[in-house]
Amino acid sequence: MRRIAIIGSAAFGQQIVDTIENDSMESFEIVGYFDDFAEVGSKIKGYSILGKIDSIVELYHQDRFDCAFIAIGYKHFAFKETVYNKIKNRIPLANIICKTAFIHPTSKIGEGVLIASFAIVNKNAIIEDDVCITLRSIVNHDCVVDKHTFFSTSVSTAGNVKIGKRCFIGIGCILSDGISVTDDVWLSPGVVLGKDINSPGHYISYSMKVTKL
């Protein structure tokens, strides 16, 4: 059983701990957290803060753990990417794959990836490093999801969709076949996207109106 350290002890880090304890396909021994904003030695949900993030490589070489997972939330993409760049190729990044997730054998999954409960990664899809695909989301055939992107609950992509780096895809979004989304795009909940997005920014949908038939 591999020993895993969690980078980030806030709500998302605690969610990852719960997933590892209750739903991960691979069993891990959780050794604790690394966090720049928590007191070293304090405990959160029974696990200690082992150190600041800058100390993680040193403690890895001291054989304190075998792998790590970056559990920094989607509101801090720049910081998340900085941490990734610091430790990539220096510390193994674990994938957290839930027992009820489906991953097609022809798909390609990077490192440090979360595939949550009832998520689907379909034929020939590519999930790059440090991506989170959360509850009941679907990455359909031949899609590409680039690094550091976060799918909220129940996102659905049709086939051949390309999504850039550091994107947040809000709960219930639907992305039509063959479209591309550039880097640094934030899609608010419920957006139905039928054309490419070529400019970074925050996008919302006004299709919330209910019409009686």
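Predicted model: local features only at pLDDT ≥ 70, side-chain atom pairs only at ≥ 80, totals over all residues.
## Helix α1

Helix α1 comprises the twelve residues 11-22.

Within α1, the residues Phe 12, Gly 13, Ile 16, Val 17, Thr 19 and Ile 20 are buried. These residues lie on the same side of α1, because they cover an arc of only 160° around the axis. An α-helix has 3.6 residues a turn, so residues three or four places apart point the same way. Ala 11 and Asn 22, on the other side of α1, are exposed.

## The seven-stranded sheet

Seven strands make up an open sheet with parallel pairing, in the order β6-β9-β12-β15-β18-β21-β23. Its edge strands are β6 (96-97) and β23 (201-203), each of which pairs on one side only.

Inside this order, β15 (residues 150-151) and β18 (residues 168-169) run parallel and are joined by two bridges. Opposite Ile 169 in β18 stands Phe 151.

## The five-stranded sheet

A further open sheet has five strands, ordered β8-β11-β14-β17-β20, and its pairing is also parallel. At the edges stand β8 (108-109) and β20 (180-181); each has a single partner strand, so one side of each is left without a neighbour in the sheet.

Two bridges pair strand β11 (residues 126-127) with strand β14 (residues 144-145) in the parallel sense. Here Ile 126 stands opposite Val 144 in β14.

Methods. Residues numbered from 1 in each chain as written. Heavy atoms only, no water. Pairing = 2+ DSSP bridges. Helix = DSSP H or I, 4+ residues; strand = E, 2+ residues; numbered from the N terminus. Expected span 1.5 Å × (residues − 1). Buried < 20%, exposed > 50% of the residue type's maximum accessible area, 1.4 Å probe, protein only. Arc of directions from axis to C-beta.
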